Amino acid sequence: AKKMSSPSITEETIVAWENGDKMPTYRQLQKLADILEKPLEIFLYPSPPSIPKPSVRFRSIYGEYSKELPPEILKIIVYARKFQENLRDVSRGRNPAKQLITRNTFSDDVVETARKVREIINISLDEQKEFSTYPRAFEHWRLALSEVGIFVVKQPFRSEVYSGFCLSDSEFPVICVNNTTGHQRQIFTLFHELYHLIKGENGVDIIDDEQIVSSLSKEMQKLERECDLFAAEFLVPTDDFIHEVTQIPQVTELLEDGGYLDILRECVEPLAKKYCVSLDVIQRKLLDTEFIEPSRYY
């Protein structure tokens, strides 16, 4: 009763609910679900259902694997799993796509995997550069992934920490994206999670993971670095990136001696717009390709 934070809800009110003498409102049920850290649906069954814990391995903000997901994320995973099962029922257990990308064999070389995925998705780099806006780019990628059997859903997460997650499945792999983050981040999350699916792994993507990567197991540190490397290499292939950078007038002097705002205006922003990615991706790419020194990486 105290956690419900409402003067109209007393211990007697809750006893009346338990005895069936009174019924809570839908809004009160939502609040109760939050308090109990359970999905709302448990109140809508004639008897309490058995709720298996999601098998998603994920990173908490403290860099540890947790056995309990935050309730707001759990609810969205429950939604995504229902979506997955509905797809299975409607499609009679078979993915309707002509080819399912996760059935392909990929090498352990992330760069080579990025190239092969682009061939399978069948959107050239020239086409990508014509997307022009981030929302348009996201929808193009979303449609392209659906053509190769990956179902993408968007939900408003009640936590800005989480960018999205994926549910691996032999027939109906699903990526769920937090649509309260920017489109640039949503696009990166799509391909971060796609690499999880290619590796046959469930995963949850969080923002600012550099802060916790050192706390992860060596195995997961490696996988998370590969997911980020894959997303960056797919969206901004290194060979093409180097070519584009060298086309910028007086780029050497700019990157060596220019101020942060000059580099941002003359180099980072135009390239981010060209590839339809975030400024962070371009800045990191400049560092990885040694166009800028670590001391000049903001």
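This is a predicted model: local features need pLDDT of at least 70, side-chain atom pairs count only at pLDDT 80 or more; totals for chains, interfaces and linings use all residues.
## Overall make-up

The protein chain holds 12 helices and 4 strands. It has 298 residues, and 47% of them count as buried. Take the contacts in the chain with a separation of 6 or more: residues 24 or more positions apart account for 64% of them.

## Helices α4 and α8

Two packed helices are described by the angle between their axes and the distance between the axes. Helix α4 spans residues 110–121, and helix α8 spans residues 218–235. Their axes come within 9 Å and cross at roughly 50°. That angle makes α4 oblique to α8. The crossing is right-handed.

On the α4 side, the contact is made by Val110, Val111, Thr113, Ala114, Val117, Arg118 and Ile121. On the α8 side, Glu226, Leu229, Phe230, Glu233, Phe234 and Leu235 take part. By class, the contact residues divide into 9 nonpolar, 1 polar and 3 charged.

## Nonpolar cores

In soluble globular proteins, nonpolar side chains tend to be buried together. Here the largest nonpolar core has 58 residues. Those with the most contacts inside it are Ile121, Trp141, Phe191, Leu194, Phe230 and Ile282. Two of these names return from the helix pair: Ile121 belongs to the α4 side of the contact and Phe230 to the α8 side.

What does Ile282 touch, leaving aside residues up to four places away in sequence? Its partners are Val236, Phe241, Val268, Leu271, Ala272, Tyr275 and Val277.

## Positive phi in two loops

Most residues other than glycine have a negative phi, and most peptide bonds are trans. Arg92 is not a glycine, yet its phi is positive, at about 55°. Arg92 sits in the loop between α3 (71–90) and α4. Its relative accessible area is 78%, so it is exposed.

Asn122 also has a positive phi, of about 65°, although it is not a glycine. Asn122 is found in the loop between α4 and α5 (125–128). Is Asn122 buried or exposed? With 60% relative accessibility, Asn122 counts as exposed, because the cut-off for exposed is over 50%.

## Asp239

Asp239 is part of helix α9, residues 238–246. Asp239 is exposed, with a relative accessible area of 57%. Thr289 is 50 residues apart from Asp239 along the chain. The C-alpha atoms of Asp239 and Thr289 are separated by 9.7 Å.

Conventions: Residues are numbered from 1 along each chain as its sequence is written. Side-chain values use heavy atoms; hydrogens and water are left out. Axes are lines fitted to C-alpha atoms, for helices over the stretch in contact, and angles run from 0 to 180 degrees between N-to-C directions. Angles under 35 degrees count as roughly parallel, over 145 as roughly antiparallel, 65 to 115 as roughly perpendicular and the rest as oblique. A crossing is left-handed if the near helix is turned anticlockwise from the far one by less than a right angle, and right-handed if clockwise. Contact means heavy atoms within 4.5 Å. Ala, Val, Leu, Ile, Met, Phe, Trp, Tyr, Cys and Pro count as nonpolar, Asp, Glu, Lys and Arg as charged, and the others, Gly among them, as polar. A nonpolar core is a set of buried Ala, Val, Leu, Ile, Met, Phe, Trp, Tyr and Cys residues joined through side-chain atoms within 4.5 Å. Buried means under 20% relative accessible area, exposed over 50%, partly exposed in between (1.4 Å probe, protein chains only).
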